[in-house]
Amino acid sequence: MKKTTLILLLVSFIFVPYVMASGGQEETATVSDWTKDPITMKIEGSGWILKKFPIQEAADRFMQDHPNVTIEVSSNQDDTLNSYMLNWAVGDADVDLAFGGAASQVAKLAAKNLLMPWNDFYSGDFDAKNFLTHSVETAKKGGDYFAIPFMEEAMSLQVNRGLMAEAGLVNSDGTPMYPANLDEMADFAGKMTKGSGEVKDIYGFSWNLTNFGDQQMMCAVNALGGKVYNDDGSPNLEAPEYLDIFNFIAKVNLEGWATKGTISDTNAGRSGLKAGTVAMIFEAASRAIEAKATLGDDAMMIPFPGMEKNGTFIFAHYAYVPRTSKVQEAVKAFMREQVFTADFAAPAAEQYGKLPSYIPLYSGLSSDFEQIKKWMALPGTIGDMSWVEGSKLNALFYELEQLVATGGITPEEAVERLATEGGSYNLSIVE
Amino acid sequence: MRSLGQSKKIRDNIDGWLFVLPAFLFLFSFMIYPIAHTFLLSFQKFNFVYDSNPVFIGLSNYVKVLKTPLFITALKNTLRFTLWYIPSVFILGFMIGYVITLPNFVGSRISKIVLFIPMVIPLSMSAYMFLFMVNPQWGLLNSFLADTLHMPMLVRDWMNDTRYALKIILVVTIWQNIGFVALMFMSGIQGISSSILEAATIDGASAYRKMWSVILPNLKETFQIVGILTIVTSVKLFSQVVTMTGALGPNSAGGPANSTLTLYVATWKSAFVNYDMGIGSAMGYLMSLIIFLLFGINFFVTKSERA
């Protein structure tokens with residue numbers, strides 16, 4: 001008897017956890033009527049998104065309008081989205097709506113067929129033509145829109161007008177001069193750099209060496225008049241402009257005119273701009289808006305050489321819903337009623353420079369955005385793409401940029417490696 | 001027909017197997033199966049996200065890895081780190097452990113506590129602490145060099161300089177682990193019978209002779225264990241690199257310009273950033289091979305000492 005009990009206990013010990021673990025894979029029914037049934041909606045966002053967008057306030061308003069809905073807002077600790085991929089693949093309904101991630105990042109979730117399609121969302125006031133077309137179309141796979149853009153970034157130069165004035169780089173009316181080409185931009189960087197030794201007091205320039213890898217490079221190639229994409233949407237890694245850009249990176253870094261701080265801290269450039277220790281950065285235009293908190297009107301956007309003629313580079317951040325969510329209709333209502341509104345978008349735009357993807361919201365923005373809107377509207381403006389091995393290309397750009405910036409390889413070697421190694425990756429569009 | 005004895009034996013065996021089963025299931029699920037599956041993956045082309053099925057490609061992954069500049073760089077960095085780390089930890093750890101055991105050393109107890117502190121601090125916190133200290137603009141190190149020593153020419157952008165980044169990580173790793181190694185040596189020295197040391201003193205052995213002929217030969221097992229631990233620590237270097245160079249995303253980990261890219265970081269990037277499970281698995285097995293090779297050298301060296 002004792003032995004039988006012992007055996008039963010052992011068997012339970014072994015199998016109960018497996019049975020319990022497999023319970024997570026069980027599909028549960030979708031809520032029949034979200035407007036009446038009591039439901040809980042779990043929203044997650046990257047830390048920076050929760051800081052910059054009033055998601056909690058939007059949730060509070062939604063709960064007030066729909067008393068049967070409870071919304072829990074929390075931060076996503078994994079920017080790689082790998083945890084989503086693992087959890088959602090085994091059927092966990094841990095999140096109903098996620099904010100944050102470029103199309104290339106979110107595409108991997110779509111490739112695993114884990115995301116709810118947004119096709120029926122794009123109708124009426126929210127017709128796809130009311131969104132920035134490129135961002136809508138980039139998040140499309142097999143005819144389904146797997147994510148919806150809620151925020152846009154556009155690349156440009158951001159400068160500290162005060163430091164430009166000290167270096168004599170302003171026009172007679174006090175507006176900053178625009179560098180006409182890469183040589184002139186390097187010259188600007190040199191003139192604005194102050195201090196001696198290996199660590200300077202003020203750096204004239206910052207090129208982000210750990211973020212915006214492909215966006216920066218491709219924006220620069222496009223602005224300089226180069227062909228960024230091949231006809232099939234794959235990147236043209238043999239554009240001659242890459243050599244000019246690598247030469248520029250080598251020059252400003254090896255001369256000590258650019259901070260290499262972004263190698264270990266991707267925010268070093270923008271932090272330096274805000275602190276007045278970096279005069280000019282090439283990043284998303286939102287950096288100039290956020291720098292107004294410390295620099296006031298001295299924080300300004302100016303075009304990268306050629307951008308006024310050839311346009312800029314835009315990329316979006318997306319919201320997406322796992323197929324495991326039981327409250328998908330409620331999520332869509334939340335997006336319609338709260339997210340694509342001025343209450344949600346305007347604070348993030350005016351304070352942090354995060355531009356809306358929903359075009360009607362642009363009419364309420366301040367004059368600070370006039371220039372970037374103009375560059376975004378140029379016919380030459382391009383957007384990002386989702387490639388199968390895009391993460392490898394991104395990593396290769398960082399590697400080559402860092403090697404060139406630290407003198408590890410020559411610009412010619414960088415271009416050679418970009419063409420050969422980058423050319424060996426599968427850079428077909430995710431379809 | 002089975003005899004009564006045979007039936008009892010089978011029943012007893014079933015009991016035994018049932019007792020072993022939980023441990024076996026655990027080992028099988030979390031060790032044996034992943035090791036075997038990873039081995040299989042190392043011969044397959046399989047992008048975890050975009051490939052629906054793995055395709056067998058023989059040794060291609062291994063060939064590709066060995067030809068990849070990134071792997072060669074990671075291998076060089078790992079070996080460079082190992083060559084600095086192991087001797088440093090051995091020499092410093094032994095010296096500290098020896099000093100603590102000296103009978104006339106007064107700060108023995110407090111030293112043991114101080115040595116233990118880095119071990120209880122999480123690795124990531126230690127890394128951040130050092131990152132703060134080597135910050136080019138407001139870090140303690142540059143302030144000390146420029147303001148205290150009045151040598152501004154020595155001021156550097158430490159973590160963004162390919163010449164120094166790996167060395168800073170080396171210092172952090174030594175600081176984190178030296179206490180444990182010193183305590184290992186301390187307990188090894190304390191384990192040597194006092195009668196042997198007394199006999200050597202009576203025979204007129206000098207301090208140098210006692211060290212060379214009595215203490216060191218009696219510590220060969222300690223050297224072997226410390227050797228194994230330091231090899232594993234250095235070849236599997238990961239957390240410090242990712243924390244100190246990749247705090248804001250996997251892309252920056254291993255920088256600047258791959259000067260701190262180690263085998264473990266390269267393997268992680270291949271498998272979990274690029275989702276190239278075949279390449280990642282092949283790198284993992286090559287890394288294991290290197291660890292076993294170093295274990296062999298360690299065993300050979302400590303065995304020679306015994307002879």
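This is a predicted model: local features need pLDDT of at least 70, side-chain atom pairs count only at pLDDT 80 or more; totals for chains, interfaces and linings use all residues.
Colleague: How many helices and how many strands make up the secondary structure of chain A?
Modeller: Chain A is a chain of 431 residues, and 56% of them are buried. Its C-alpha trace spans about 90 × 50 × 45 Å along the principal axes, and its secondary structure comes to 18 helices and 12 strands.

Colleague: What radius of gyration does chain A have, beside that of a compact globule with 431 residues?
Modeller: For a compact globule with 431 residues, the radius of gyration would be near 22 Å. The value for chain A agrees with this, because chain A has a radius of gyration of 24 Å.

Colleague: What share of the contacts in chain A between residues at least 6 apart in sequence joins residues at least 24 apart?
Modeller: A contact here means heavy atoms within 4.5 Å. Among the contacts of chain A that link residues at least 6 apart in sequence, those joining residues at least 24 apart make up 77%.

Colleague: Which residues have the most contacts inside the largest nonpolar core?
Modeller: The largest nonpolar core has 77 residues. One of the residues with the most contacts inside this core is A:Phe205, which, leaving aside neighbours within four places in sequence, is in contact with residues including A:Leu157, A:Met185, A:Phe248, A:Trp257 and A:Phe282.

Colleague: How many helices and how many strands does chain B have?
Modeller: Chain B has 307 residues, of which 44% count as buried. Taken along the principal axes, its C-alpha atoms fill a box of roughly 80 × 60 × 35 Å, and its secondary structure comes to 13 helices and 2 strands.

Colleague: What radius of gyration does chain B have, when a compact globule of 307 residues is taken as the reference?
Modeller: A compact globule of 307 residues would have a radius of gyration near 19 Å.

Colleague: What share of the accessible surface of chain B belongs to carbon and sulfur atoms?
Modeller: For chain A, the accessible surface comes to about 17000 Å², with 51% belonging to carbon and sulfur atoms. For chain B, the accessible surface comes to about 16900 Å², and the share that belongs to carbon and sulfur atoms is 72%.

Colleague: How far apart are the mean positions of the positive and negative charges of chain B?
Modeller: In chain A, with 33 positive and 56 negative side chains, the centres of the two sets lie 4 Å apart. Chain B has 21 positive and 11 negative charges, and the distance between their mean positions is 5 Å.

Colleague: Is B:Asn258 buried or exposed?
Modeller: Most residues other than glycine have a negative phi. B:Asn258, however, has a positive phi near 65 degrees, and B:Asn258 lies in the loop between helix 11 (239-245) and helix 12 (263-273) of chain B. Its relative accessible area is 8%, and buried means under 20%, so B:Asn258 is buried.

Colleague: Is B:His150 buried or exposed?
Modeller: B:His150 also has a positive phi, of about 55 degrees, although it is not a glycine. B:His150 is placed in the loop between helix 6 (140-148) and helix 7 (165-190) of chain B. Its relative accessible area is 61%, and the cut-off is over 50%, so B:His150 is exposed.

Conventions:
Residues are numbered from 1 along each chain as its sequence is written. Chains are lettered from A and ligands numbered from 1 in the order in which they are written. Side-chain values use heavy atoms; hydrogens and water are left out. Helices (H or I, at least four residues) and strands (E, at least two) are DSSP runs, numbered from the N terminus. The radius of gyration is taken over C-alpha atoms; the globule rule is 2.2 Å times the number of residues to the power 0.38. Buried means under 20% relative accessible area, exposed over 50%, partly exposed in between (1.4 Å probe, protein chains only). Accessible areas come from the Shrake-Rupley method with a 1.4 Å probe; for residues, only the protein chains shown count as cover. Lys and Arg count as positive and Asp and Glu as negative; His and the chain ends are not counted. The place of a charge is taken as NZ of Lys, CZ of Arg, CG of Asp or CD of Glu. A nonpolar core is a set of buried Ala, Val, Leu, Ile, Met, Phe, Trp, Tyr and Cys residues joined through side-chain atoms within 4.5 Å.
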